[in-house]
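Please walk through this structure with its pockets in view, and then turn to the chain that helps to line them.

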Amino acid sequence: MGAASRESLFVGRCKGCLRVQLLRKWKILNSDEDAQFLLKQKKNLNDYRPDIIHEALRCILDSPLNKAGMVGAIYVKIDQGGMFEVKPHVQLPQTCSRFCGVIMDLLQKSLVRAKHTNEVLLHVVEEPITHHLPVNSYTVVGLYCFKLLNIFGIIFILSCCGF
Amino acid sequence: MKAELLQKFSIKSKGGHGKLLRLIQNPVTDHSPINSCKVGLSFSSQKTVQLRDYVSDANCNENLVFVVGAMAHGKIDADYIDDLISVSGYPLSAGTCLRRICIALERNLKIQ
């Protein structure tokens, strides 16, 4: 995922006259919506696919393995540096645009809390990944497409108590 | 593309080699195979099966038709369903359920 500064228009009405205010805010770049912006910057469109990350996370979180409590943690590495952890009991938004909004919130504030219980659901962790793995862990890298994703890989750790 | 399908009743391929998506008439039973066993899937069903065993126990000359609901809430209300099964102890999303059906069929057909 790439975060870039982008302008959006906000039109408001003030005492009968039309006013245009330019807002500048950060956004997760998407190869569908931001194709013109990316092509203008000479970027590769295939490198900006947050929908693949969203689909992969939903595949893990919706599985009965996760519902049975056997997923310990999910880590997502970001191409521009950094990594964040997803708690297994999180309920991600079902649509990609809202998911990008949550990730944008995460990247700006370093953590995303639940609304009522104030529990940390997603938070940015330090690299390298080996600091967060269990001691006697066996690491299998199954999602590592360098060019396909702007995320290097997803590593999810199974809880040891189930085996 | 879905809006175009509903407007033009079909989606054609770019090279002109036939239609990819087509609107068909109700009821859906008109389009089922003749000798078919229609299986509905619901979390609330009393009959919990192992999907791999269920698929292998089915008749070889019987076509399997799976009816999967798209929403996470509610129940399938269709009178053409012959059997209603539950494939997991947890409520599954439609995508997860369809993945499980595909994996069970792949293993039954020895597809690597």
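**Pockets and chain B**

The lining of the second largest pocket divides into ten nonpolar, three polar and four charged residues, where Ala, Val, Leu, Ile, Met, Phe, Trp, Tyr, Cys and Pro count as nonpolar, Asp, Glu, Lys and Arg as charged, and the others, Gly among them, as polar. The largest share of this lining, six residues, is supplied by α3(B), helices being DSSP runs of H or I with at least four residues and strands runs of E with at least two, numbered from the N terminus.

This is a predicted model, in which local features need pLDDT of at least 70 and side-chain atom pairs count only at pLDDT 80 or more, whereas totals for chains, interfaces and linings use all residues. Residues are numbered from 1 along each chain as its sequence is written, chains are lettered from A and ligands numbered from 1 in the order in which they are written, and side-chain values use heavy atoms, with hydrogens and water left out.

Chain B comprises three helices and five strands, and from the N terminus its elements follow the order α-β-β-β-α-β-β-α. Of its 112 residues, 28% count as buried, that is, under 20% relative accessible area, with exposed meaning over 50% and partly exposed in between (1.4 Å probe, protein chains only).

Within this chain, B:Asp53 belongs to helix α2 (residues 51–57) and counts as partly exposed because its relative accessibility is 43%. The C-alpha atom of B:Asp53 is separated by 8.9 Å from that of B:Asn108, although the two residues are 55 residues apart along the chain.
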